[in-house]
Amino acid sequence: MSSTSPPSSPKSTAKNGGGAISNVMNQNNESHLHRRRRQQQQNESSSSFDGFLTSKLLLRILGVLLFLCVLSSLYLGSYYHVHHQDYAKATEMKQKKDDFIRRGGDKATTAITISDEDSNTITETDSKEPSAIHEKVVFESIIERVKWTGEQCNSVPEHHVDTLTTSLKKATDLPPLPEGGVAVALKKWLDSEHDNNNNNDNDVYPICYLPPPKSCDVTSYTLVIMSHTTERLEAFMDPLADMVNSWPGLTEIIIVWNSPRTTLTSVNDKKQQQYAIKLLSWDTDPNHPLRIFFSLEEGLANNLLNRYHPKIQPKNEAVFYFDDDGPFFSKEAMVDSGLEMWKRNSNVQVGAFPRNIRYLSKRMKEAGKKGLMDSIDIVTNNVHGDSGATYPPFTPFCRNATGDHVEYNYFTFPDYNAHMLLPSGSILHRNFLCFIWHPAFEELRTWVVHHKTMPDDMTVSTLVSHLSGRAPRTVPQKINSFNSGRRLTEDSSEYYYDTSANDAPIPN
């Protein structure tokens with residue numbers, strides 16, 4: 001017998017049919033899930049690719065910008081190297097020259113144009129001070145000042161001509177130097193210097209440079225005393241001993257000796273001999289700041305100007321001067337006050353022993369009074385130095401055109417109306433030594449030597465003022481310092497013989 005399967009019941013049939021539907025749905029869900037995952041992967045892949053493209057584009061843009069920056073830097077650097085230096089030198093020298101000339105009126109009307117050729121010629125490569133001014137600029141400014149003075153003298157009104165009624169006594173039979181002769185001498189020198197440069201002549205006087213207007217970083221200084229006789233050794237050696245022990249910054253002392261060495265080695269007077277031996281021992285002591293400059297052994301004659309000779313070679317920019325017989329001012333006056341004043345005005349002469357010139361004509365008195373008032377305004381408005389100030393013009397002295405004469409006032413020490421400074425207690429920048437002994441001023445030095453009063457003090461002070469285009473600066477001769485704080489006050493009890501003269505703008 002064959003056997004057969006039993007027939008399915010309705011419940012069993014329904015159960016089997018539901019399982020088939022469930023399988024189909026699961027398959028559809030899995031297929032949908034796979035499609036979503038593929039789509040998500042495709043989206044993520046597309047997003048990653050877009051991000052990659054964006055990042056790559058940004059990198060390229062940054063690379064291009066960096067490359068352009070490098071090119072710009074190279075171009076600007078090349079442009080500065082090729083063009084800017086020459087332009088800066090020419091512009092700086094032009095500005096200095098325009099500011100330096102003192103002719104009165106508007107600067108624009110007094111400026112001298114510097115050609116490109118001159119700008120290349122006037123360089124500062126040989127100067128130790130970056131702001132120093134070449135001698136050519138200085139000499140040309142003096143020449144222009146002489147021209148301006150001549151113009152002023154030729155335009156003086158008739159009522160100011162030959163107005164002097166006082167008879168003057170001559171101080172010497174030596175004829176005066178020609179009026180405006182300094183311009184002729186300087187022009188001659190500039191022409192000869194041009195010829196020397198063309199001939200490549202190396203045996204010429206070195207180039208001089210005007211000092212910078214400020215030397216605020218200077219902390220040390222040189223002290224110079226000139227003498228020729230053992231009779232004055234005690235007068236200056238005792239003060240020197242105190243200075244060495246108590247003056248900060250005194251790193252060098254130069255004794256300019258205008259006599260043979262034998263005047264120190266062969267001394268009859270016992271006291272003078274002791275001082276001479278001590279002076280020579282200081283000179284040979286390597287630990288002592290003093291050294292002796294024997295003028296005659298250096299090829300110089302006995303000349304009052306030897307203390308300003310470049311051969312003394314001071315190692316410091318600031319150079320203090322005292323006469324061998326004094327007066328010797330205090331540390332407070334010279335260091336605390338004088339040196340600080342000089343630091344802020346290092347292109348002028350600074351000192352504590354002032355003199356002035358008496359103007360005799362009404363015209364010169366009026367012009368001098370106006371210049372004094374203008375100078376006071378400069379000082380009061382520029383307490384830290386007047387390097388940026390425009391100085392008033394020099395007072396024209398018209399001897400030939402108007403019969404002007406002046407007198408040297410040696411009766412007072414007018415601090416606030418000083419035209420010159422005596423050497424004792426004065427401070428100069430060492431750069432001025434080159435100018436004082438410059439060949440262009442040889443006629444002036446010869447005249448001083450042959451004048452019976454040998455006015456080296458007046459000559460040096462006046463020459464420095466004309467070189468710088470500015471008046472000297474004065475400091476009190478004696479200062480009281482108090483223990484409380486750092487206050488310094490002026491004391492006029494010792495060397496001011498007639499302080500009332502300071503109240504009068506122009507002494508009569």
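## Sheets, helices and ring pairs in a predicted model

Strand β8 (residues 354-359) and β9 run antiparallel and are joined by four bridges. Two strands pair if DSSP finds at least two bridges between them. Helices (H or I, at least four residues) and strands (E, at least two) are DSSP runs, numbered from the N terminus.

This is a predicted model, in which residues are numbered from 1 along each chain as its sequence is written, and local features need pLDDT of at least 70. Side-chain atom pairs count only at pLDDT 80 or more, while totals for chains, interfaces and linings use all residues, and side-chain values use heavy atoms, with hydrogens and water left out.

**The chain as a whole**

The secondary structure of the protein chain comes to 14 helices and 14 strands. The chain has 508 residues, of which 40% count as buried. Buried means under 20% relative accessible area, exposed means over 50%, and partly exposed lies in between (1.4 Å probe, protein chains only). The protein chain exposes about 28900 Å², and carbon and sulfur atoms supply 53% of this area. Accessible areas come from the Shrake-Rupley method with a 1.4 Å probe; for residues, only the protein chains shown count as cover. Among contacts (heavy atoms within 4.5 Å) between residues at least 6 apart in sequence, 82% join residues at least 24 apart.

**The three-stranded sheet**

Strands β8 and β9 belong to an open sheet of three strands with the order β9-β8-β10 and antiparallel pairing. At the edges stand β9 (406-409) and β10 (420-421), each with a single partner strand, so one side of each has no neighbour in the sheet. Y359 has V406 in β9 as its bridge partner.

**The seven-stranded sheet**

An open sheet of seven strands has mixed pairing and the order β5-β4-β3-β6-β11-β7-β12. Its edge strands are β5 and β12 (473-474), each of which pairs on one side only.

| Strands | Sense and bridges | Residue pair |
|---|---|---|
| β6 and β11 (residues 426-429) | antiparallel, four bridges | F320 with I427 in β11 |

Strand β6 is mostly covered, with six of its six residues buried. In a regular strand the side chains alternate between the two faces of the sheet. In β6, A318, F320 and F322 point one way, V319, Y321 and D323 point the other way, and all are buried.

**Aromatic rings**

A search of the whole structure finds seven aromatic pairs. Rings of Phe, Tyr and Trp (its six-membered ring) pair if their centres lie within 6.5 Å; planes under 30 degrees apart count as stacked, over 60 as edge-to-face and the rest as tilted. One of the pairs is Y308 with Y321, which is tilted, at 4.8 Å centre to centre and 40 degrees between the planes. This pair links distant parts of the chain: Y308 is in the loop between β5 (290-294) and β6 (318-323), and Y321, 13 residues apart from it, is in strand β6. Both Y308 and Y321 are buried. F322 and F328 also form a tilted pair, at 5.2 Å centre to centre and 50 degrees between the planes. F322 counts as buried, at 1% relative accessibility.

Ring pairs also link F139, F435 and F441 into a cluster. R261 lies over the face of F294, at 4.0 Å from the ring centre. A charge sits over a ring if NZ of Lys or CZ of Arg is within 6 Å of the ring centre and within 35 degrees of the ring normal.

Helix α4 (residues 135-154) has 20 residues and reaches 29 Å from its first C-alpha to its last, close to the 28 Å expected at 1.5 Å a residue. The expected span is 1.5 Å times one less than the number of residues. In α4, 14 of the 20 residues are buried, so the helix is largely enclosed by the rest of the structure.

F394 lies in the loop between α10 (362-381) and α11 (399-402). F394 is partly exposed, with a relative accessible area of 22%. The C-alpha atoms of F394 and W148 are separated by 9.9 Å, while the two residues are 246 residues apart along the chain.

S465, in helix α14 (residues 456-468), is buried, with a relative accessible area of 8%. Leaving aside its neighbours within four places in sequence, S465 is in contact with F394, R470, A471 and P472.
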